[in-house]
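Please keep the picture in view while I talk.

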Amino acid sequence: QPQLVESGGGLVQPGGSLRLSCAASGFTLDDYVIGWFRQAPGKEREGVSCISRSGGSTNYADSVKGRFTISRDNAKKTVYLQMNSLKPEDTAVYYCAARHGRLTTIQAMCATPRSDLGYWGKGTLVTVSS
């Protein structure tokens, strides 16, 4: 059955980097738009970055533009989020999600962090602190 598993989170100092991975199984990744979302303590879940089925189009939240890069390797069934110049306000649980490409666009997906839509992983914690 469909499954998404995030990895790569951890503790990093401000200014540091992390690469998150999202491994997909149980469905055809090529057919799905993928998004990275995050939820900080006491805050609502928000869209961070989304990528089209082919990887040719991407979308980023203003708060991460120029620092984060989303990519995907459909052959490896994995989506990545490279996070550079991390800030304490990036501290959150990061989730990846998948929605069928016929049902959404990258803009719509990032704008609707609803856990009842598509498939979701269980998240990985990123803590940015000195």
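Predicted model: local features only at pLDDT ≥ 70, side-chain atom pairs only at ≥ 80, totals over all residues.

Residues are numbered from 1 along each chain as its sequence is written, and side-chain values use heavy atoms, with hydrogens and water left out.

Let me begin with the open sheet, whose four strands run in the order E1-E3-E8-E7 with antiparallel pairing. Strands here are DSSP runs of E with at least two residues, numbered from the N terminus, and two strands pair if DSSP finds at least two bridges between them. At the edges are E1, covering 3–7, and E7, covering 68–73, each of which pairs on one side only. On average, neighbouring strands of this sheet are turned by 15° against each other, direction ignored, where the axes are lines fitted to C-alpha atoms and angles run from 0 to 180 degrees between N-to-C directions.

Going across the sheet, E1 pairs with E3, residues 18–25, over five bridges in the antiparallel sense, and there Gln3 stands opposite Ser25. E3 in turn pairs with E8 over six antiparallel bridges, with Leu18 having Met83 as its bridge partner in E8. E8 and E7 are likewise joined by six bridges in the antiparallel sense, and Ile70 has Leu81 as its partner in E8.

How enclosed is E8, and why? Because five of the six residues of E8, residues 78–83, are buried, this strand is largely enclosed by the rest of the structure; buried means under 20% relative accessible area, exposed means over 50%, and partly exposed is in between, with a 1.4 Å probe and protein chains only.

E4 and E5 pair in the antiparallel sense over five bridges, Ile34 having Ile51 as its bridge partner in E5, and in their hairpin, with six residues between the strands, Gly42 takes a positive phi near 75°. E5 also pairs with E6, residues 58–60, over three antiparallel bridges, where Cys50 stands opposite Asn59; this hairpin has six residues between its strands, and Gly55 in the turn has a positive phi of about 90°.

Leu81 touches, among others, Leu18, Trp36, Val48, Phe68 and Tyr94, not counting residues up to four places away in sequence, contact being heavy atoms within 4.5 Å.

Some loop residues also deserve a look. Ser85, in the loop between E8 and E9, has a positive phi of about 50° although it is not a glycine, and is partly exposed, with a relative accessible area of 41%. Lys77, in the loop between E7 and E8, has a positive phi of about 55°, again without being a glycine.

Finally, the rings. Phe27, Tyr32 and Tyr119 are linked into a cluster by ring pairs, a pair needing centres of Phe, Tyr or Trp (six-membered) rings within 6.5 Å, with planes under 30 degrees apart called stacked, over 60 edge-to-face and the rest tilted. Phe27 and Tyr32 are both buried. Which rings lie under the charged end of Arg45? That charged end sits over the ring of Tyr95, 4.1 Å from its centre, and over the ring of Trp120, 4.8 Å from its centre, the rule being that NZ of Lys or CZ of Arg is within 6 Å of the ring centre and within 35 degrees of the ring normal.
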